[in-house]
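Me: I would like to learn how to read a few features of a protein model. Please take them one at a time.

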Amino acid sequence: MTLLAAAPAMASASPAPPRHPNIVILLADDWGFSDVGSFGSEIATPNIDALAAAGMRFSNFHVAGSCSPTRAMLQSGVMNHRAGLGNMPETIPDAHRGKPGYDTVMNLRVVTIAQLLKAAGYRTYLTGKWHLGSDAKRLPGARGYDRAFSLADAGADNFEQRPIEGMYDTAAWTENGKPATLPKDYYSSRFVVQKMIDYIEADRASGKPFLASVNFLANHIPVQAPDSDIARYSAMYREGWTKLREARAKRAVALGIMPASTALVTMKTTPDWAKLDAEERAAAIRVMQAYGAMATAMDREVGRLVAHLKATGDYDNTIFVFLSDNGAEPTDPYNRLRNRLFLGMEYDTSTANIGRRGSFSAIGPGWASAASSPLSGYKFSATEGGLRAPLIIAWPGHSQVRAGAINGGLAHVTDILPTLLDLAGVAGQDGTWNGRPVERLAGRSLVPMLAGGVGSVHGDTPIGYELSGNAALFRGDYKLVRNLPPTGDGQWRLYDIKSDPGETKDLATAMPDRFAAMRADYAAFAKDNGVLEMPAGYTADEQINLYAWRQQGKKRAIQAGLVLGGILIGLAALVWAWRRRRRSKT
């Protein structure tokens, strides 16, 4: 009998509630702001929506523009540069490698939520994507997790133990610090939830509360989902990304997630749907169907975990946090001839196979604009579409979290750790840990907002941000922002993101004093965090392709060249032998 099947029997034992609440963190990968049903999506996410109904949705919550910096801030409550993630291994320029704050891994100067909760008597578990370091000192087991089945890379295949071809040699899965093998029936979302259930049940007899950090691969590239889930969306997405972006914006307003005055911009990277040919449209429709299916498959596993916790009597004393690590992924891996040739050799890239086992698919900038609706921009940028993510916090039946409420106050990913400590009644760290100095927490507890407080716990305090040269400074309802090419033009702009979350009206000229003051605030943040200026001509997309070339492309090109050279030498030898034979006969 499996642990899941045995769950109803356990419920009859009615274990006494632990002293502290359990904590479940559900981290989605590359979900856009409106990819959740309760935030405006047409995608079926009933189990995440149920958590929203039981808890609070945050409509003005901000993360980093890509995964590792967000994950470091979520784990530590410390700003990404101070945590060592001024940039990621895949996107850092050579000139920044090894500089302070640019470790490309979560450094040892921060204390994780797992370490803090473990010291308070918690069992601590992590499953899924880690991407914060792969050496013995930086894997989850060394950062406070009792048990962990984790992926050290940015992503991997969802159906088999296979890396993202061209980026990594192997899919770097480990369990408790040792190389691990995935099961034959592996599908990423199902696996990370089942492994978490197994961990929780393995130590149940301890009677301790648990921290369960579930880090999904969905919906990171490659977009892949079970056939039955893809079939569910077979009649959808035929009108294209612009229509979908408009429809989601309307639903977000109707739900109260966005103000009625929200205006939309059309990103210059969004292709014209009407100009696509029939084959291009068919492929585009199919990949968005697979994207919706991948999200629904993940949501189903969220529901399975929640059902398990209800059956074991844990649900009512569990705090749930759902969030995405950044905005929707706009990268088109087929935008270079070299990539198209390589991927065509490694995967079945036919339209009929999009989203299935053996495929390599991505939604690209068109659908990413819809996934980010009604915001502007996407992942990697400092636009709202890159930095504003869905957040749900629920503690069923507890008055400290208002059920079904929406909070529009500014919140930040560094706030999650102090919020959970506050709710759980666990002490944090004050700049020292185990007798050594550590980075202080940057975030603030959101408990006053969860209880229904009006406004943000940050008040008018500046909150800075920078990644790959794209930068922002939040202060009250205002946002100062700069995006480098190709997302922007490198100029600073000022927006009121409470009334204009779509960033359509630049207020820099109309509010020169505020603009100047916030420029000064950002300069202070950059100095305090050791932010470096980007080399001329840098783009994250170019850097990723350079990383892939160095890691895999160059090596495979040399191998292909040797094979081709061998073939040519062999053919030349055959021609020489044939000619010699002919001469000997004459």
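Reply: Start with Tyr237, which counts as buried because its relative accessibility is 7%. Buried means under 20% relative accessible area, exposed over 50% and partly exposed in between, with a 1.4 Å probe and protein chains only. This is a predicted model, where local features need pLDDT of at least 70, side-chain atom pairs count only at pLDDT 80 or more, and totals for chains, interfaces and linings use all residues. Residues are numbered from 1 along each chain as its sequence is written, and side-chain values use heavy atoms, with hydrogens and water left out.

Me: Which residue forms a stacked aromatic pair with Tyr237?

Reply: Rings of Phe, Tyr and Trp (its six-membered ring) pair if their centres lie within 6.5 Å; planes under 30 degrees apart count as stacked, over 60 as edge-to-face and the rest as tilted. Here the partner is Tyr233, at 6.3 Å centre to centre and 20 degrees between the planes. Tyr233 is also counted as buried, at 2% relative accessibility.

Me: How many aromatic pairs does a search of the whole structure find?

Reply: The search finds 19. One of them, Trp130 with Tyr145, is edge-to-face, with 6.3 Å between centres and 85 degrees between the planes. Trp130 is buried at 1% relative accessibility, and Tyr145 is buried at 2%.

Me: Why is helix H3 described as largely enclosed by the rest of the structure?

Reply: Helices (H or I, at least four residues) are DSSP runs, numbered from the N terminus. H3 covers residues 67-76, and ten of its ten residues are buried, so the rest of the structure largely encloses it. Among them are Cys67, Arg71 and Gln75. Gly77 follows H3 and has a positive phi, near 75 degrees.

Me: What does Asn107 contact, leaving aside its neighbours within four places in sequence?

Reply: Contact means heavy atoms within 4.5 Å. On that basis Asn107 touches Arg82, Ala83, Gly84 and Arg143. Asn107 and Ala83 are 24 residues apart in sequence, yet 5.7 Å apart in space, C-alpha to C-alpha. Asn107 is buried, with a relative accessible area of 2%.

Me: Which residues line the second largest cavity?

Reply: On a 1 Å grid over the protein atoms alone, a cavity is a set of points where a 1.4 Å probe fits but cannot get out, and lining residues have an atom within 4 Å of a point. Ser66, Met88, Thr91, Phe380, Leu467, Ser468 and Ala540 line this one.

How values were computed
Helix = DSSP H or I, 4+ residues; strand = E, 2+ residues; numbered from the N terminus. 1 Å grid on protein atoms, 1.4 Å probe; cavity = no way out; pocket = protein on both sides within 12 Å on 5 of 7 lines; lining within 4 Å.
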